[in-house]
Amino acid sequence: MEVERVQAIASLSFSANTIPSDFIRPETEQPAITTFQGPVPEIPTIDLGDPDEGNLVRLIADASHEWGIFQVVNHGIPTELINKLQTVGKHFFELPQEEKEVYAKPQGAQTVEGYGTKLQRDLEGKKGWVDHLFHKIWPPSVINYQFWPKNPPSYREVNEEYAKYMRGVVEKLFRSLSLGLGVGGHVLEDAAGGEELEYVLKINYYPPCPRPDLALGVVAHTDMSTLTILVPNDVPGLQVFKDDRWIDAKYIPSALIVHIGDQIEVIFFSSLLAFPNPFFFDIPIISFMHRSLLK
């Protein structure tokens, strides 16, 4: 069965200045209606290079408790590498359709890896305006290069370098989160898989949409991961549900956006039994709802 990609739907929709009904969100979700327009607090921004570890731990613990999401700067990933990562991803989605389909997720496969479009409708019977490319980047034992594009030629080199730097960022985040919970710095990372922890790269591609006021790129959700680390671009679209309001995430060049995932919450509540420390009850870790708008 041939799968219709959102990128192809978008090219047809612009000529009609409309979008298929499958993508039109209910009024209770439409961004033009639900985005809060008044003054709101900004998502916390944290200097990951802070030499005062105690201060860093406190800031990350506070942000995880109050927001479940925060931005980090001075994280150690070169800006040039981030630009290269975004460039090779963009180039992939600019390839001819038949070339992208070589990397498509096999129908019926249990894996999340591959080029694809979410076919399932949500509870409202609607779809997100997005195509994606998923593949694992670490550890080497789980990488399946079948899903790594060969074009552009630099794709593999850029992703392998990015994985090397990202491991350092994740290790520092896990250590800070663990210390913020009053346990050893290794506890959360070990509980999440330790050396066998899998890193999965997902590139979301949001084709231009003639009616961004009616549709969403990614619908409201929490992440099933332990941590999600987002590399945003200069077309901001991320929103966070905070204090019963959908608010925009400010774009900060070269910053990373860190989401606390559902699995961290699972580990946290399991740890309440393994590490009976009253400090846990003071600084919980929370996964917040978020969504992606279109432009």
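Student: Which residue stands opposite Val 72 in strand 10?

Tutor: The model is a predicted one. Strand 2 (residues 69-73) and strand 10 (residues 256-260) pair in the antiparallel sense, over 4 bridges. Within that pairing, the residue in strand 10 opposite Val 72 is Leu 256.

Student: In what order do the 4 strands of the open sheet with mixed pairing stand?

Tutor: The edges are formed by strand 1 (45-47) and strand 7 (227-230), each of which pairs on one side only. From one strand to the next, the twist averages 30°. The pairing is mixed, and the order is 1-2-10-7.

Student: Which helix packs on this sheet, touching strand 2, strand 7 and strand 10?

Tutor: The direction of the helix in question makes about 130° with that of strand 7. The element that touches these strands spans residues 155-180 and is helix 6.

Student: Which element gives the most to the largest nonpolar core?

Tutor: The largest nonpolar core holds 47 residues, of which Phe 70, Met 166 and Leu 173 touch the most other members. In general, nonpolar side chains in soluble globular proteins tend to be buried together. With 10 residues, the element that gives the most to this core is helix 6.

Student: Which residues does Met 166 touch, not counting residues up to four places away in sequence?

Tutor: Met 166 is one of the residues that touch the most other members of the largest nonpolar core. Not counting residues up to four places away in sequence, the residues it touches are Ile 77, Tyr 199, Ile 229 and Leu 256.

Student: How many residues make up the other core, which lies apart from the largest one?

Tutor: Among the members of this other core are Ile 9, Ile 19, Phe 23 and Ala 215. The core lies apart from the largest one, and its residue count is 10.

Student: Is His 259 buried or exposed?

Tutor: His 259 is found in strand 10. Not counting residues up to four places away in sequence, it touches residues including Ile 69, Leu 227, Leu 238 and His 290. Its relative accessibility is 4%, and buried means under 20%, so His 259 counts as buried.

Student: Which residue in strand 11 is the bridge partner of His 221?

Tutor: Strand 6 and strand 11 (residues 290-292) pair in the antiparallel sense over 2 bridges. The bridge partner of His 221 in strand 11 is His 290.

Student: Which residue in strand 11 is the bridge partner of Leu 238?

Tutor: Strand 8 and strand 11 run antiparallel and are joined by 3 bridges. The bridge partner of Leu 238 in strand 11 is Ser 292.

Student: Which residue takes a positive phi in the hairpin of strand 8 and strand 9?

Tutor: Strand 8 (residues 238-242) and strand 9 (residues 245-248) pair in the antiparallel sense over 4 bridges. Lys 242 has Arg 245 as its bridge partner, and Gln 239 stands opposite Asp 248. The hairpin has 2 residues between the strands, and the residue with a positive phi, near 55°, is Asp 243.

Student: How much space lies in the largest cavity?

Tutor: The count comes to 3 cavities of 30 Å³ or more. The lining of the largest cavity includes Trp 138, Arg 167, Glu 171 and Tyr 199. The space in the largest cavity is about 50 Å³.

Terms used
Residues numbered from 1 in each chain as written. Predicted model: local features only at pLDDT ≥ 70, side-chain atom pairs only at ≥ 80, totals over all residues. Heavy atoms only, no water. Pairing = 2+ DSSP bridges. Axes fitted to C-alpha atoms, helices over the stretch in contact; angles between N-to-C directions. Contact = heavy atoms within 4.5 Å. Core = buried A, V, L, I, M, F, W, Y, C linked by side-chain atoms within 4.5 Å. Buried < 20%, exposed > 50% of the residue type's maximum accessible area, 1.4 Å probe, protein only. 1 Å grid on protein atoms, 1.4 Å probe; cavity = no way out; pocket = protein on both sides within 12 Å on 5 of 7 lines; lining within 4 Å. Points joined across faces, edges and corners; volume = space filled by probe spheres on them.
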